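Visitor: I am new to this one. Could you show it to me and take some questions?

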Amino acid sequence: MDTDNIVAGIKKRNPHQPTFYQAVAEVLDSIKPVLDKDGQYKEHKIIERLVEPDRIISFKVTWQDDDGEIHVNRGYRVQMNSALGPYKGGLRYDPSVNQDILKFLAFEQTFKNALTGIPLGSGKGGSDFNPKGKSDDEIMRFCQSFMSELYRYIGPDVDVPAGDIGVGSREIGYLFGAYKKLKNEFSGVLTGKGVNWGGSLIRTEATGYGLIFFALNMLAEQNESLKGKKCLVSGAGNVAQYAIEKIIQEGSMPVTVSDSDGFIYDDESINEEKLEFIKRLKNEQRGRIKEYADEFSSGEYTEVDGNSDSNPLWDIEADCAFPCATQNEVQEKDARHLVDHGIQLIAEGANMPLTPEALEVIRNADVLYAPGKATNAGGVAISGLEMTQNKMGVYWSRDRVSSELQEIMREIHEKCIEAASEYDLGTDYLAGANIAGFKKVAQSMIAQGVV
Ligand SMILES: NC(=O)C1=CN([C@@H]2O[C@H](COP(=O)(O)OP(=O)(O)OC[C@H]3O[C@@H](n4cnc5c(N)ncnc54)[C@H](OP(=O)(O)O)[C@@H]3O)[C@@H](O)[C@H]2O)C=CC1
Ligand SMILES: O=C(O)CCC(=O)C(=O)O
């Protein structure tokens, strides 16, 4: 199958969406052997159908700040694919949000959700609203206005949003309250809810913990463990915090943490006490990561220029790297630094954190690498279990959800290995994840006819 022609067609039809093309090109490259071997996917126009969202909802969000000034933002929901279940995926609040970013994220979510083994379709949404520096009241008013439009298009059997960058438990609370009031309905319409009002235990921890469970499986495959290894982590939000927590629990050394202004290098390692400080700083005080260096003399702060072609965080010698901030945060130069320093494993907490050039450097080197759609799937998987608990009207114990998460991550790891080995690709986790996810969704689409 001529994938170059397909990408050219996508570009023509969707101008100015480079991040979306990047995500599509990466998947098409991986699944080429599947498309070449089995003509049914071409016959059923599966690629053309997969890259076209079922629908994109775009709406005005008007809100008032604490001084009474009126602001207008744009809200979106990309309902990508419903072959496997209701649309499912997070909401992002960040000034960079646009259709390009949300389509890339929703496209990735299609394959990720398929890998979880839970009946979940794919979607993503959000707004170009900047939550930084806003008061709780401003966040609440924004969330209420956002939901006053979104509520028409979502529902527990239709589309179940959750959090992502800039949308955490506070925002999910305000969004849920607004939906409940508008619909007069208490339902599992969102996940990541508080554990007293329909939330699942372990959902907060799930993405970061799941990432490290996946990495443990990768290392076990090589008869290795994480114990004593020096680990680079980027980000200081939900995914980074719980990746760091699990790394500490595994007896390993997380030595970095970052935000969009810069990073901390703590060569004595981040420990439980320091992590509690990070959680308070980021989740309650909503401060900047440089404050870590004022609190702990072992932490050295480096400011980072977001427009530079490299980030010195990735120029620190370590055994493992877990990028947990955002897309394209690891560039070609960074990848070369990691390889030159002998990095052994890179597992993605963020969605698509490597640029295509960085990915090529890593794939040509002797590095164990796995993509976010496999490694960060623990979050949406536990969201799926939150939906199940809501349907059943029950709460499962911490132990139960925790062991389900470990088992789901083990199974995703196995699916990647099995799919890669079916096409003689060894332990190519990128190919394995894309192939396994693709086949499941594509076969379901074929079974459901031309819809
Ligand atoms: N939450 C979840 O369950 C899941 C999240 N993910 C992915 O993980 C990543 C992190 O999400 P999450 O932890 O939830 O988000 P949070 O908003 O909790 O944290 C994001 C972190 O990344 C930093 N960051 C954001 N944008 C940039 C940037 N342009 N450059 C450098 N740093 C940046 C933020 O710093 P600052 O505060 O300065 O902006 C913050 O430290 C995203 O890619 C998300 O899509 C994937 C699966 C599930
Ligand atoms: O929990 C969810 O529904 C979504 C999580 C998410 O946004 C992601 O996996 O990228």
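Here are some questions and answers on the domains, the ligand and the helix pairs.

Guide: This is a predicted model, in which local features need pLDDT of at least 70, side-chain atom pairs count only at pLDDT 80 or more, and totals for chains, interfaces and linings use all residues. Residues are numbered from 1 along each chain as its sequence is written, while chains are lettered from A and ligands numbered from 1 in the order in which they are written.

Visitor: How far apart do the C-alpha centres of domain 1 and domain 2 lie?
Guide: The bounds come from an automatic or database domain assignment. Domain 1 covers 52-183 and domain 2 covers 204-370. Their C-alpha centres are separated by 27 Å.

Visitor: Which of the 25 residues around ligand 1 come nearest?
Guide: A residue counts as near if its C-beta atom, placed from the backbone, lies within 6 Å of the molecule. There are 25 residues around ligand 1. The nearest are G237, D259, S260, A350 and G379.

Visitor: Which helix gives the most to the shell around ligand 1?
Guide: Helices are DSSP runs (H or I, at least four residues), numbered from the N terminus. One of them, spanning residues 238-249, gives three residues to the shell. That top contributor is helix α9.

Visitor: How many residues of that shell around ligand 1 are polar?
Guide: Ala, Val, Leu, Ile, Met, Phe, Trp, Tyr, Cys and Pro count as nonpolar, Asp, Glu, Lys and Arg as charged, and the others, Gly among them, as polar. The shell has seven nonpolar and four charged residues. Its polar residues number 14.

Visitor: At what angle do helix α2 and helix α5 pack?
Guide: Axes are lines fitted to C-alpha atoms, for helices over the stretch in contact, and angles run from 0 to 180 degrees between N-to-C directions. Helix α2 is residues 18-37 and helix α5 is residues 99-116, with axes 7 Å apart. Their angle is about 25°.

Visitor: What does that make α2 relative to α5?
Guide: Angles under 35 degrees count as roughly parallel, over 145 as roughly antiparallel, 65 to 115 as roughly perpendicular and the rest as oblique. So α2 and α5 are roughly parallel.

Visitor: At what angle do helix α8 and helix α15 pack?
Guide: Helix α8 holds residues 203-221, and helix α15 holds residues 378-392. Their axes are 7 Å apart. The angle is about 135°.

Terms used:
Helix = DSSP H or I, 4+ residues; strand = E, 2+ residues; numbered from the N terminus.
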